[in-house]
Each structure stands twice: as structure tokens, then as C-alpha cells.
Amino acid sequence: MASWCVRAVKQSYSVVVSSPAIIRASPRLLCTAAQQKSGQGSEEDQNAEQSAAEKVLAEEKGQLEEQLKEVTDKYKRALADTENLRTRSQKMVEDTKLYGIQGFCKDLLEVADILEKATESVPSEEVSSQKNPHLKNLYDGLVMTDKQIQKVFTKHGLVKLNPDGGQKFDPYEHEALFHSPVEGKEPGTVAIVTKVGYKLHGRTLRPALVGVAKAP
């Protein structure tokens, strides 16, 4: 009986030893478990790295958008400044063309005033009569000269300011020498013109010297 038991144990042992599948099963199972655990850890690491990279990219994107906004704002400001400078320069050039002769015109105004006073100082009866033909010829020449100089003034944008009686006083075009009650004139209107004025391209070059009516 004892010998039979010994043989049975030996046979069982030989079966276990002679089966390589049984021997290799345990290491393979251990490797598979290790790989599964390692795979789970690598996936978590990859997810963490991806999240960190996305965060960095989002921050860089925000910074680039801020820089783009700042550069765009500076570009628009520079463009607006350049346009304003161009407009001002163009206006300066145009004003120089229009008003560059302003000083010359002021000097010519005195000549026009003298011609006007000369023609007004000649009595009409002396001009109309044939007593003094030389005076009449001189008068006609002065009148023609005055008309011609007014044509030249108009050609270059110089317009006479000679307010009619009853016109409203305008401080931008008229200069009041006195205020006096005048019969038949409304207060604040031009009563008399002592010296005509001139405008150059809409700008008052010399205001008209006037007397203004006031309430009695």
C-alpha cells in the first residue's frame, strides 16, 4: 500500500514537470497584468501632457490676440494721424494759393481808394459841360482805371464790401466808427459808409468803416 502511494505521487509530479504550458502560464499572466497596469499609467500621463500643452497653447493664443489687437489699434491711430496731417497740409497749400497775395492786395486797396476819391471829388456839372474838355478826359480816364482795377480784384477773388443803407450791422464785415440815432433807420443797421471794405475769397481783408444807427 505504501509503495502504491509513492508511485502515484511520482506520476503526478512527472506530469506537472513534463507540461511546459503549466510552467509558462504563470509568467505570461504576470506580464499581461503588468502591461495592462503600465498601459493605464501611460494613458493617464498622455492625457495630462495633452492638457498641459493645450493650456500653454491657449495662453499663447490669448497673448497673440492681445498683441494683434494692440498692433491693429496703433496702425489705425497712425493711419488717422497721417490722414489728418495730409488734410492739414493740403489745406495749408490751398490757403497759401488763395491768400498768398493778401499783403499785395492790401497795398492795392489804398490805390483803389485814391482813385475812387478822385472821381468823387470832381463836380458832375464840370464833367458834363464842355467848358473844360481836358478835365473831362482826365475824369473819364480815372473812371476807366477804377473799373479796370475792380475787374482785376474780382478776378483774383477780391470783392468790395459797400453795405447799403439799412443793412444789418455785421461785426465780421463792418467796423463801427460811431453809433447815432438816425431818422428812418432801424437801430443796429448801417446808417452811413465812410470807407468801403474788401473780402478776399470769403475772408474779410478789410472791414467797411460805417456808422451805425441806434435808438433815440
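The following is a short exchange about a predicted model.

Colleague: Which elements does the protein have, in what pattern?
Modeller: Residues are numbered from 1 along each chain as its sequence is written. In this predicted model, local features need pLDDT of at least 70 and side-chain atom pairs count only at pLDDT 80 or more, while totals for chains, interfaces and linings use all residues; side-chain values use heavy atoms, leaving out hydrogens and water. Helices (H or I, at least four residues) and strands (E, at least two) are DSSP runs, numbered from the N terminus. There are five helices and six strands, and along the sequence they read α-α-α-α-α-β-β-β-β-β-β.

Colleague: What percentage of the 216 residues is buried?
Modeller: Buried means under 20% relative accessible area, exposed over 50%, and partly exposed in between, with a 1.4 Å probe and protein chains only. Of the 216 residues in the protein, the buried share is 16%.

Colleague: Among contacts between residues at least 6 apart in sequence, what share joins residues at least 24 apart?
Modeller: A contact means heavy atoms within 4.5 Å. Among contacts between residues at least 6 apart in sequence, the share that joins residues at least 24 apart is 65%.

Colleague: Which residues form the aromatic pair, and of what kind is it?
Modeller: Rings of Phe, Tyr and Trp (its six-membered ring) pair if their centres lie within 6.5 Å; planes under 30 degrees apart count as stacked, over 60 as edge-to-face and the rest as tilted. The structure holds one such pair. Its centres are 5.8 Å apart and its planes make an angle of 85°, and the pair is Phe153 with Tyr198, edge-to-face.

Colleague: How many residues apart in sequence are the parts that this pair ties together?
Modeller: Phe153 and Tyr198 are both buried. Phe153 belongs to helix H5 (residues 133-155) and Tyr198 to strand S4 (residues 197-200), so the pair ties together parts whose separation in sequence is 45 residues.

Colleague: Which residue lies over the face of Tyr99?
Modeller: A charge sits over a ring if NZ of Lys or CZ of Arg is within 6 Å of the ring centre and within 35 degrees of the ring normal. At 3.7 Å from the ring centre of Tyr99, the residue over the face is Arg203.

Colleague: Which element gives the largest share of the lining of the largest pocket?
Modeller: On a 1 Å grid over the protein atoms alone, a pocket is an open set of points where a 1.4 Å probe fits, with protein on both sides within 12 Å along at least five of seven lines; lining residues have an atom within 4 Å of a point. The lining includes Asp113, Glu116, Lys117 and Glu120. The largest share, four residues, comes from H3.

Colleague: Where does Glu175 lie, and which residues does Glu175 touch?
Modeller: Glu175 is in strand S2 (residues 174-180) and is partly exposed, at 39% relative accessible area. Its C-alpha atom is 5.8 Å from that of Pro207, 32 residues away along the chain. Not counting residues up to four places away in sequence, Glu175 touches Phe169, Pro207, Ala208, Leu209 and Val210.

Colleague: What is the phi of His201?
Modeller: His201 sits in the loop between S4 and strand S5 (203-206). His201 is partly exposed, with a relative accessible area of 34%. Its phi is positive in a residue other than glycine, near 50°.
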